[in-house]
Structures are given as C-alpha cells and as structure tokens.
Amino acid sequence: MTRRHGKTRIWLPLVILLVSSALCVLAGVLWHRQQLADSEQPKDMQGNSVTVDGGDLPSGEVLKRMDVTEGNGSRLVVPSVGLDVSLGELSEVNGQITPPGFTSAYLVRNRGAGSLERANQHTVYVVTHSVNWGKAPGNYLIDVADAKPAVAIGAEISIGDLRYKVTDTSTVLKTELGKQASVWEDAPGKLELITCLQREQGKSLKNVIITAQLQ
C-alpha cells in the first residue's frame with residue numbers, strides 16, 4: 001500500500017490571445033477532472049490521496065460480499081505508539097482479507113471470534129493498512145527504518161472495553177502468511193493484529209503480526 005504522490009511558436013498577437021484563452025479553458029477542464037479523480041481516490045488519515053497497486057483494495061462483487069462496516073462504535077487503541085482509530089468490520093472472501101480503507105482498522109467477522117462479545121472464547125482478528133509516504137493506522141505499528149514491528153512485547157492494546165497485552169510480534173512474507181498455523185489457531189482470548197510492513201524503497205513484501213492476550 002503506497003502513496004505516490006513542447007514549445008509552439010506563435011506569430012500574431014490575436015492568435016496568442018486565442019490560444020491563451022483556449023489553454024485557460026483546457027487547464028480548467030484538466031483541473032476539474034483532476035479534482036474529480038482526487039475525490040474518488042481513497043484517502044489516508046491525513047487526507048492525502050492514496051494510489052493503490054493491484055490487489056491492495058477489493059472491488060466489485062468482492063467488496064459487496066465483504067459487507068464492510070466502517071465503524072461499529074468501538075476503537076482500536078495502542079497507547080505506546082499513539083494509535084487510536086475507529087474499528088470497522090469486514091468478512092473474508094475467497095480466502096482473502098483485504099482492508100477496504102486507510103483510516104480504520106477492521107475486525108474480521110468470519111474468522112475466530114467474529115465479534116468482540118466472543119473474544120474470551122476465540123481469537124479476534126483485526127487487520128489494517130499501512131502506506132508509504134502517508135499515514136494509515138498500520139503506520140503506527142511498524143518501524144520502517146529497522147524493518148520490524150513498532151509495538152513492544154508487553155504493550156497494551158484496547159479494543160472497545162477489552163484490554164490485551166502483547167505477547168509476541170513477528171514479520172512474515174505476504175505469500176507465507178496463510179501458512180502460519182500459529183496465527184490462524186483459534187484460541188481463547190487471543191488477538192492477532194495484522195498490517196503491512198512498508199519498505200523505504202519498493203512495494204511492501206511482508207506483513208507485521210502483533211499477537212496479544214486478553215487480560
């Protein structure tokens with residue numbers, strides 16, 4: 001998830017005036033089109049437009065089946081890194097979990113507990129995006145310079161009224177995430193918080209996984 005932000009000779013003054021007027025109109029049209037394009041681009045937490053790579057956002061029928069809720073009234077808070085964002089919900093579709101936005105975290109409703117009410121009986125899965133050259137919730141959780149999680153073992157995580165303590169942090173290649181049995185093990189009171197690990201150069205290749213236990 002990455003944010004990326006000739007010469008014509010005119011001889012007659014009248015032609016210069018006409019061409020200048022035409023260029024002003026053209027510039028206005030192009031500006032308007034750019035404004036519309038920018039308004040349709042997803043935004044990060046600072047209001048910056050986010051340009052996404054293929055597969056970074058769901059679309060069409062997949063998005064409909066995800067049945068996304070942008071806010072369920074709860075918040076994800078990690079005090080040690082200053083993260084405090086709204087918690088939404090989504091459903092895994094075709095074995096894929098892809099956050100649809102860049103300003104919220106999302107509880108996965110068809111994995112593990114599926115809701116905060118069952119958190120003491122099952123694993124709660126929460127996913128969120130990070131971006132390069134911008135600020136999404138996941139950016140608070142990662143240390144790009146050292147290529148590691150920014151959240152320390154023992155740190156506190158709050159989700160609604162639930163309180164967790166971090167027990168482990170790790171990084172894994174995105175292509176290997178689905179094979180991590182320990183991550184997908186359904187266990188009472190466990191939290192798995194997942195985001196992308198950005199790099200200083202190039203596309204993100206790894207995920208950060210923060211594991212915590214309900215207190």
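**Close-up 1. Pairing of strands β1 and β7 in the predicted model.** V77 stands opposite S158 in β7 in this predicted model. The two strands concerned, β1 (residues 69–78) and β7 (residues 156–159), pair in the antiparallel sense over two bridges.

**Close-up 2. The closed barrel.** Eight strands form a closed barrel in the order β1-β2-β3-β4-β9-β10-β8-β7, and their pairing is mixed. On average, neighbouring strands of this sheet are turned by 35° against each other, direction ignored.

**Close-up 3. Strand β10 and its partners β8 and β9.** Strand β10 (residues 206–214) pairs with strand β8 (residues 162–173) in the antiparallel sense, over nine bridges. Within this pairing, T211 of β10 has D168 opposite. Strand β9 (residues 190–197) also pairs with β10 in the antiparallel sense, here over eight bridges. In that case V208 of β10 has T195 opposite. Both pairings belong to the barrel order, in which β10 is placed between β9 and β8.

Close-up 4. E89 lies in strand β2, which spans residues 83–90. Is E89 buried or exposed? The relative accessibility of E89 is 19%, so the residue counts as buried, the limit being under 20%. A polar contact of 3.1 Å joins the side chain of E89 to the side chain of N72. Leaving aside residues up to four places away in sequence, E89 touches D67, V68, T69, N72, Y106, L107 and R109.

Technical notes. Residues are numbered from 1 along each chain as its sequence is written. This is a predicted model: local features need pLDDT of at least 70, side-chain atom pairs count only at pLDDT 80 or more; totals for chains, interfaces and linings use all residues. Side-chain values use heavy atoms; hydrogens and water are left out. Two strands pair if DSSP finds at least two bridges between them. Helices (H or I, at least four residues) and strands (E, at least two) are DSSP runs, numbered from the N terminus. Axes are lines fitted to C-alpha atoms, for helices over the stretch in contact, and angles run from 0 to 180 degrees between N-to-C directions. Buried means under 20% relative accessible area, exposed over 50%, partly exposed in between (1.4 Å probe, protein chains only). A polar contact is a pair of N or O atoms within 3.5 Å; within protein, one must be able to donate a hydrogen and the other to accept it, and residues adjacent in sequence count only if both atoms are side-chain atoms. Contact means heavy atoms within 4.5 Å.
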